[in-house]
Amino acid sequence: MSIVTFPSQRAGDFTITAISDGYLSASLDFLSNIDPSEASRIQSDAGQTAPSAVHINCYVVRGAGRTILIDGGAGGIKQWGGRLGTNLSLAGVEPSEIDTILLTHAHPDHVGGLVDRGGRTAFPNAELVVHERELKFWQDDANLSRASERARGNFLIAREAFDAYRDKLRTFDDEREVLPGIRAMPLPGHTDGHTGYLLESHAQGLLIWGDIVHFPHIQISRPDVSIAFDQDASMAATTRSLLLDRVSSERLLIAGMHLGELGFARIERTSGGYGLLYETEA
């Protein structure tokens, strides 16, 4: 099988590749603080021909003798995504090569692909690394008992993933280096333990920011706009605003699970706030 080229960037000794898992559907009606017609206009102006299609990225990081996967996609759960395994193979990456999985959070479109249909680990040699608050939230029976019927399913999916990797599960708290050159950056709001990962090597940096946005053209131009998937919409909006200010000021290269298939971008300040510039050259 010939190797297929996927969008990639470098940060010093790290090579970061965006691997598509496919799409999920999410109505613009899920957004808050914006009229759906205005949201649709922004999508249309940005050239988004399928306004309710939310792309799912995962990222493979190679460097320092490691092969790291950041998030595991949806794995076909709820008919979302499911292309990660095939696309990893096309990129020349075997599941057994992955030695570490860094998890941004445990929503189904991020952990569904971590296990196979039998509940076994899809990446048999990988350690799973997650913020301790994220693990605690999904493992808490009181939280499960209060959840809606839809959300109960999310708990069961997260728990299945955590259980599959229970012998290779590592947690961390707050901002710290989780691997050499990779620092966890807590970004609360979307979930309690939602985390980004800042890669730094030879004075170069790249931030994989998880689910700071789901509809990037809308939520970068209007950071006050949140989505129904956010656990704490107000906190998510505050986190997004603060982060957009930081990455635009630092001209930091970013990657995000819902940025689109191009996978990498920079945030620029505009007269109205912020704009999205995709980065297409490594």
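Student: What is the bridge partner of Val130 in E8?
Tutor: Thr171 is the partner of Val130 there. Two strands pair if DSSP finds at least two bridges between them.

Student: Before we go on, what kind of model is this?
Tutor: It is a predicted model: local features need pLDDT of at least 70, side-chain atom pairs count only at pLDDT 80 or more, and totals for chains, interfaces and linings use all residues. Residues are numbered from 1 along each chain as its sequence is written, and side-chain values use heavy atoms, with hydrogens and water left out.

Student: OK. How many bridges hold strand E7 and E8 in pairing?
Tutor: Strand E7 (residues 127–131) and E8 pair over 4 bridges, in the parallel sense. The names come from DSSP runs, numbered from the N terminus: helices are H or I with at least four residues, strands are E with at least two.

Student: Which helix packs on that sheet?
Tutor: Helix H4 (residues 132–139) does, touching E7 and E8. Contact means heavy atoms within 4.5 Å. The direction of H4 makes about 90° with that of E7. Axes are lines fitted to C-alpha atoms, for helices over the stretch in contact, and angles run from 0 to 180 degrees between N-to-C directions.

Student: And what order do the strands of this open sheet take?
Tutor: The order is E1-E2-E4-E5-E6-E7-E8, 7 strands with mixed pairing. Strand E1 (8–11) and strand E8 (169–172) are the edge strands, each pairing on one side only.

Student: New topic. What about the sheet with E9 in it?
Tutor: That open sheet has 7 strands too, in the order E9-E10-E11-E12-E14-E15-E16, with mixed pairing. Strand E9 (176–179) and strand E16 (273–278) each have a single partner strand, so one side of each is left without a neighbour in the sheet.

Student: Which way do E10 and E11 run?
Tutor: Strand E10 (residues 182–186) and strand E11 (residues 195–201) run antiparallel, joined by 5 bridges. Ile182 has Leu199 in E11 as its bridge partner.

Student: Why is the pair of Phe30 and Phe229 called edge-to-face?
Tutor: Their planes stand at 80°, so the pair is edge-to-face, with ring centres 5.7 Å apart. The pair links distant parts of the chain, 199 residues apart.

Definitions and conventions: Rings of Phe, Tyr and Trp (its six-membered ring) pair if their centres lie within 6.5 Å; planes under 30 degrees apart count as stacked, over 60 as edge-to-face and the rest as tilted.
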